Amino acid sequence: MARRSVSILNRLLANPPSPFTALSRSITYMPRPGDGAPRTVTLIPGDGIGPLVTGAVEQVMEAMHAPVHFERYEVLGHMRKVPEEVIESVKRNKVCLKGGLATPVGGGVSSLNMQLRKELDIFASLVNCINVPGLVTRHENVDIVVIRENTEGEYSGLEHEVVPGVVESLKVITKFCSERIARYAFEYAYLNNRKKVTAVHKANIMKLADGLFLESCREVAKHYPGITYNEIIVDNCCMQLVAKPEQFDVMVTPNLYGNLVANTAAGIAGGTGVMPGGNVGAEHAIFEQGASAGNVGNDKIVEQKKANPVALLLSSAMMLRHLRFPTFADRLETAVKQVIQEGKYRTKDLGGDCTTQEVVDAVIAALE
Amino acid sequence: MSRQSLSLLKNLRSIATGSKIQTRSVTYMPRPGDGKPRPVTLIPGDGVGPLVTNAVEQVMEAMHAPVYFEPFEVHGDMKSLPAGLLESIKKNKVCLKGGLKTPVGGGVSSLNVNLRKELDLFASLVNCFNLPGLASRHENVDIVVIRENTEGEYAGLEHEVVPGVVESLKVITKFCSERIAKYAFEYAYLNNRKKVTAVHKANIMKLADGLFLESCQEVAKKYPSIAYNEIIVDNCCMQLVARPEQFDVMVTPNLYGNLVANTAAGIAGGTGVMPGGNVGAEYAVFEQGASAGNVGKDTTEEQKNANPVALLLSSAMMLRHLQFPSFADRLETAVKRVISEGKCRTEDLGGNSTTQEVVDAVIANLD
């Protein structure tokens, strides 16, 4: 009996069924005639490590023969404003992929990242923070989607010096924007089979501003009886995130809290170098590294070319789904997850020592 | 040692046979407003049609899918499609239908074919694949048959030349052949398929099927990464039952497609489980994959044990076509779980459950 089972064991172990190939073949997507026509996507390489990681995405798209071609535009963080032609291009193509744009501290030059989002009214920013198999972290069972209002709140950019030495910064919360972000969060939860939406706020202190945000969330929650809704104060939220992250599912937040919560959640799940995300508005969408999109890395990483391309690769997979090319998205995600799982090709932030190009080559080799 | 290896074996075997049906975890970022419910025209049809379309309605309800149905009564013996039906489909763009029975002979044209011609649904697609847990004589079957739906032998142009002599015209046009070839290659490209096989009988019908082949060859040049080959239809039928794993996507004219699709469906598990649909430039009609005109026997209808799996999987394809991928995934996962568990199967799969029992099992397995 033992002899027989040993031979069967040997056979099964010789061809171990990869947990990833199961994803790729058993779904029938019947496209409309003409759906295979290539789509144009605006590409903004950005500053610092931006060109490195967007170059990675371009190589992988080429290797997959994805029906996407990129229109590249040079935008640098120290420009006064985003060039007109870039905005036109995004309006025309509807979809943009970008690396980070460095925002100078102080000095009155407004962030170009923010400017792009406001001009195109891209009101929802989404980060999916999820444990990637093979990447060991201190927290298990993390699968949080942070949906953050992108256009107002503390980031309205309305500041003035009342008298020399006294500055006021306005935080603006409107019913219109709160309602639409709440609606987007619940719609996202409904369409992606998520069970719970948590609103993050500080309405015990900012009673009117965050109170208005909460009211809008509560109203929208009534329309979705199948989705659980609860609220959490942002300080408690940060503590809960690091203590028991599995209690969170979809989180909807105003601008500033969203930034902090997204970065925290990305950190506990494996780091901002691997979390995919994007920004979407009623008509346009911009895909970039999930959390910390303004992070352009330090000079050393740029020199050694060791930036982590995983976040932007997974975001470009989200972009492929947004463009209705689900099979290409599946292939890309499977290849990236396989590379991470195997653990041989990891950049410094994940504990390895590879360059960006080595990771890209591994992903291309893992494509099927 | 043997006790340890036994449990290890059981574990490995369950992974190897995939009896743990994985759910996918992909992030799909919808546009704002994508969650609005979509209306879909529903044609229950004849025979077992109402039974299986009702199964789909129940499951959609249980999933709270953003889809609502506008039902229309159509029966196979009507002379033509009812008024209002075509408007409804043109408005909704998508239709789900059960089978319509086509009377044999008598000059009444098939309403199934009429619908496809009116809406110019030129491509019919059937995905024939082995379902885990459903044993069949053939393994590794994963064939997609793409069949031209509007011309060929089904042109419906027949006349009696002199009493006792009838001519039936088979019409093949460059226009239709080109667009079905284009659709087949585009489908292969978008779904990561590696090979397209054209099925023909051009050694006999040199001009007609020759024109079809020429169109396929021209389109194949534009897709250098997809392998293309041709096979004569009689050899094809033999190869299907001998070595089905050699086929991937097959593109065929109308009649051969009907036969090849039914054969492929049969070897993979039966026409009761294969999903399929019909698509045109603007509209799509989803129905049981192969043998869509099959409305079941009277006994099946009486005992209410028609197999709803094919229409459930086709409605999952419809959900994907409507851009609701999460709901499609949930539905497919639930149906595959029910089939792999094997407890609730209708008669054609070797069990003896009723349609309602299968539907209840699928709803219980939704997550």
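Helices (H or I, at least four residues) and strands (E, at least two) are DSSP runs, numbered from the N terminus.

## Basis of the report

This is a predicted model, in which local features need pLDDT of at least 70 and side-chain atom pairs count only at pLDDT 80 or more, while totals for chains, interfaces and linings use all residues. Residues are numbered from 1 along each chain as its sequence is written, chains are lettered from A and ligands numbered from 1 in the order in which they are written, and side-chain values use heavy atoms, with hydrogens and water left out.

## Two threonines of chain B

B:T271 lies in the loop between α8 (254–268) and β11 of chain B. With a relative accessibility of 21%, B:T271 counts as partly exposed (buried means under 20% relative accessible area, exposed over 50% and partly exposed in between, with a 1.4 Å probe and protein chains only). Leaving aside residues up to four places away in sequence, B:T271 is in contact (heavy atoms within 4.5 Å) with B:N262, B:A265, B:Q288, B:A290, B:S291 and B:A310. Its C-alpha atom is separated by 10.0 Å from that of B:V126, 145 residues apart along the chain.

B:T53 belongs to helix α2 (residues 49–63) of chain B and is buried, with a relative accessible area of 1%. Residues up to four places away in sequence not being counted, B:T53 touches B:L42, B:I43, B:P44, B:K97, B:G98 and B:L311.

## Strand β4 of chain B

Strand β4 (residues 123–129) of chain B is largely enclosed by the rest of the structure, because seven of its seven residues are buried. In a regular strand the side chains alternate between the two faces of the sheet. In β4(B), one side carries B:A123, B:L125, B:N127 and B:F129 and the other B:S124, B:V126 and B:C128, all of them buried.

Two strands pair if DSSP finds at least two bridges between them. β4(B) pairs with strand β5 (residues 142–148) of chain B in the antiparallel sense, over seven bridges, and B:V126 stands opposite B:V145 there. Strand β11 (residues 275–279) of chain B also runs antiparallel to β4(B), with four bridges joining them; B:S124 has B:N278 as its bridge partner in β11(B).

## Helix α4 of chain B

Helix α4 (residues 111–118) of chain B has the buried residues B:L111, B:N112, B:V113, B:L115 and B:R116. The elements that cover them include β1 (38–43), α3 (85–92), β3 (94–97), β5, β11 and β12 (284–288) of chain B. After α4(B) comes B:D120, which has a positive phi, near 55°.

## A β-α-β unit in chain A

Strand β1 (residues 39–44) and strand β2 (residues 68–72) of chain A run parallel and are joined by five bridges. A:V41 has A:F70 as its bridge partner in β2(A). Together with α3(A), the two strands make a right-handed β-α-β unit: with the strands pointing away from the viewer, the path from the first strand over the helix to the second runs clockwise.

## Cavities

The structure holds seven cavities of 30 Å³ or more. On a 1 Å grid over the protein atoms alone, a cavity is a set of points where a 1.4 Å probe fits but cannot get out, and lining residues have an atom within 4 Å of a point.

The second largest cavity has a volume of about 70 Å³. Its lining consists of 11 residues, of which A:V53, A:G99, A:G100, A:Q289 and A:N295 are the closest to its centre. α3 (50–64) and β12 (285–289) of chain A each supply at least two lining residues.

Definitions and conventions. 1 Å grid on protein atoms, 1.4 Å probe; cavity = no way out; pocket = protein on both sides within 12 Å on 5 of 7 lines; lining within 4 Å. Points joined across faces, edges and corners; volume = space filled by probe spheres on them.
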